[in-house]
Amino acid sequence: MLLLAGRRLASMILMMIVISMLLFLAFEGDKLALAARVLGQYSPMEGRLQWLEDNGYNRPLVVRYLSWLFGFFTGDWKISAQVNRPVLEFLAPRLGNTAILGLCVFVITAVISLILGVLSGINEGGLRDRVISVISVITTSFPEFASGTFLVAIFVFWLDWLPGSSSFTNGFSWRELVLPVAVLVIFNFGYYTRMTRASMAEVMTSQYVRTAVLKGLPPQRVVVRHALRNALIAPFTVMILQLNYLLSGIVVTEVFFAYDGFAKAMYDAALFGDTYVVSACAMVAVFVAVLSQFISDIGYTYLNPRIRFA
Amino acid sequence: MTVTSAPATEMPKRPPFIVRMLRSIALLRESYVGMFGAFLVLFWIIMALGADLMPLRDPLAQSAPDLLKPALSLAPDGSTYWLGTDDKGRDLLSRLIYGSRLVLFWSILATFVAYAVGMLLGVMAGYRGGWWDEVISFLGNVLLSFPPMVLFLVILTNFGPNSRLGHVIASLGVDSTVVSGVIIIVAITFGTAPQVARIVRGLVLDLKTRDYIAAAEVRGESPFYIMLVELLPNARGPLIVDACLRLGYVIIAIAVLGFLSLGLPPPDPDWGKMIAEVRGFGAMASNAMIWPALAISSLVLGLNLLADALREISLHD
């Protein structure tokens with residue numbers, strides 16, 4: 001276990017270094033344009049050059065990169081050019097917002113897709129299975145901005161039940177959270193439902209379930225006591241991997257609802273050319289990706305007795 | 001091609017390509033859901049191909065008095081705006097139909113390029129093994145561990161039409177749609193090809209041990225011949241299903257880029273951008289937003305249903 005963790009940690013740091021190098025190289029191109037965006041369109045040329053000099057952008061790329069890398073691992077994430085604040089201080093509340101959104105989506109998606117997946121996997125090929133399968137394909141086909149459009153048209157413009165933007169301008173409100181969560185759940189639950197269904201269907205054809213049925217146990221008992229535990233291992237571990245997507249993959253939803261989250265911060269920074277923020281975001285994203293992979297592996301080992309006792 | 005010293009009996013003649021295609025499409029009859037998916041996809045293909053033949057308005061023509069009209073409203077000249085108009089008074093129906101041409105063209109091209117690159121890398125990694133495998137797999141892992149959106153954003157903001165490189169290319173007189181389209185293809189290839197390569201590599205590792213590969217090696221075929229003629233065609237089954245699904249993802253990705261104003265330049269009727277353009281008008285724009293959203297959902301739904309049915313049929317055999 002410790003060995004696995006150590007190896008993952010080493011490969012994660014290697015990935016982080018490669019990715020941050022690539023990012024610094026990619027954003028190197030247009031420093032003057034960056035200065036122009038910071039100081040405004042009509043700022044004088046001398047001012048822009050001065051700004052680059054003052055903020056250390058004229059040092060060679062290697063020096064800047066190494067100083068950033070050192071700072072990153074020691075907790076100094078540099079100053080964002082766009083918001084003129086320390087990157088760490090700027091990203092922390094954004095991460096908090098995304099965590100709220102992501103957690104809601106994760107829990108709701110997990111509950112819905114496990115229930116529907118189990119219901120359709122119990123009786124593979126039956127009417128209930130077909131209906132659930134078709135529904136999950138249909139909902140997965142709606143990209144976030146399309147289902148967002150439909151939901152906004154219905155619940156904001158027509159029924160006027162919910163606010164159409166979720167920027168939390170008047171403090172946190174659950175009402176503003178409903179639509180972004182709904183959009184993400186609609187887009188995501190189909191995939192996990194099908195995963196659960198496949199796993200459940202496989203377990204239902206296994207020897208020990210057949211034995212349980214043949215020895216005359218009531219069907220509910222067979223499902224709850226014998227099948228469920230084994231059927232949920234695979235979907236659960238896959239669902240953990242979703243955390244990665246819920247951090248950085250939800251740009252569209254956050255932009256659509258003006259939700260001030262992590263992904264939107266990353267999007268704004270990339271458009272602005274704010275290297276320090278983009279790199280920091282990418283590092284956090286890689287960290288969460290590796291972490292969720294690790295948790296998923298550990299969870300799989302722990303949940304699966306065949307591996308646990310091997 | 002024949003290797004063994006088997007008696008030279010007549011090989012059963014393969015029916016021509018078209019007949020085989022039609023036969024495999026006919027297999028879809030088994031599944032109503034799959035037929036519905038095929039119908040949706042076919043509908044948009046026909047719309048895209050036949051856009052010029054239909055009596056549509058110019059998708060770029062603006063009309064100042066007809067801003068954000070609802071569906072079925074009348075134009076000043078007495079004709080009907082079947083689906084209404086957008087914020088610049090352009091006809092939504094014709095923008096949708098001409099948009100399907102753009103969406104299908106660029107997404108199919110991007111998927112094709114991504115697949116070609118991914119298959120080539122995957123078959124190299126799988127068949128050659130050793131250093132080839134190490135290097136290709138490492139590069140693939142680096143690209144895969146970029147959060148996908150970061151990858152798109154970095155490529156499109158730094159090398160897209162609004163970057164310095166983009167301005168240089170545009171100053172050479174290249175059409176701005178082409179510049180954007182090419183950079184979109186590059187971004188999608190970077191995002192998709194590693195995944196394709198990973199799938200192909202897995203398939204090749206399995207196929208590599210088959211007798212017909214050994215036979216080809218023994219009779220001295222070149223590695224390229226083996227990779228392209230022996231390995232890839234035999235890996236096609238799972239790849240076709242995957243390509244169908246992935247085309248759906250690519251369509252979504254291109255529309256998302258359009259929505260984030262990183263896609264094709266205005267005034268091209270890109271579906272994602274059509275939504276983004278009118279979003280600021282709030283309730284007044286709900287008509288102009290719903291149609292492109294429906295269009296993209298129906299196309300992706302068609303592809304997903306089709307892929308689903310194809311997978312089920314391939315499992316039957």
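How many residues has α4(B), and how far does α4(B) reach from its first C-alpha to its last?

**View 1. Helix α4 of chain B.** α4(B) has 16 residues and reaches 22 Å from its first C-alpha to its last. That is close to the 22 Å expected at 1.5 Å a residue (the expected span is 1.5 Å times one less than the number of residues). Helices here are DSSP runs of H or I with at least four residues, strands are runs of E with at least two, and both are numbered from the N terminus. This is a predicted model: local features need pLDDT of at least 70, side-chain atom pairs count only at pLDDT 80 or more, and totals for chains, interfaces and linings use all residues. Residues are numbered from 1 along each chain as its sequence is written, while chains are lettered from A and ligands numbered from 1 in the order in which they are written.

**View 2. The buried residues of α4(B).** Ile136(B), Gly140(B), Leu143(B) and Ser145(B) are buried. A residue is buried if 20 or more other C-beta atoms lie within 10 Å of its own, exposed if 12 or fewer, and partly exposed in between; C-beta atoms are placed from the backbone. The buried residues of α4(B) pack against α3, α5 and α7 (176-207) of chain B. They also pack against α1 (2-27) and α14 (275-303) of chain A.

**View 3. Where α3(B) crosses α4(B).** The axes of α3 (residues 92-128) and α4 (residues 130-145) of chain B come within 7 Å and cross at roughly 140 degrees. Axes are lines fitted to C-alpha atoms, for helices over the stretch in contact, and angles run from 0 to 180 degrees between N-to-C directions. α3(B) and α4(B) are therefore oblique to each other (under 35 degrees is roughly parallel, over 145 roughly antiparallel, 65 to 115 roughly perpendicular, the rest oblique). Leu121(B), Met124(B), Ala125(B) and Arg128(B) in α3(B) meet residues of α4(B), including Trp132(B) and Ile136(B).

**View 4. The side of chain B that touches chain A.** The contact takes 33 residues from chain B and 36 residues from chain A (two residues are in contact if their C-beta atoms, placed from the backbone, lie within 7 Å). α12(B) gives the largest share of the chain B side, eleven residues.

**View 5. Asp87(B) in its loop.** Asp87(B) is found in the loop between β2 (80-81) and α3 of chain B. With 17 C-beta neighbours inside 10 Å, Asp87(B) counts as partly exposed. Leaving aside neighbours within four places in sequence, the contacts of Asp87(B) include Leu67(B), Glu277(B) and Phe281(B).
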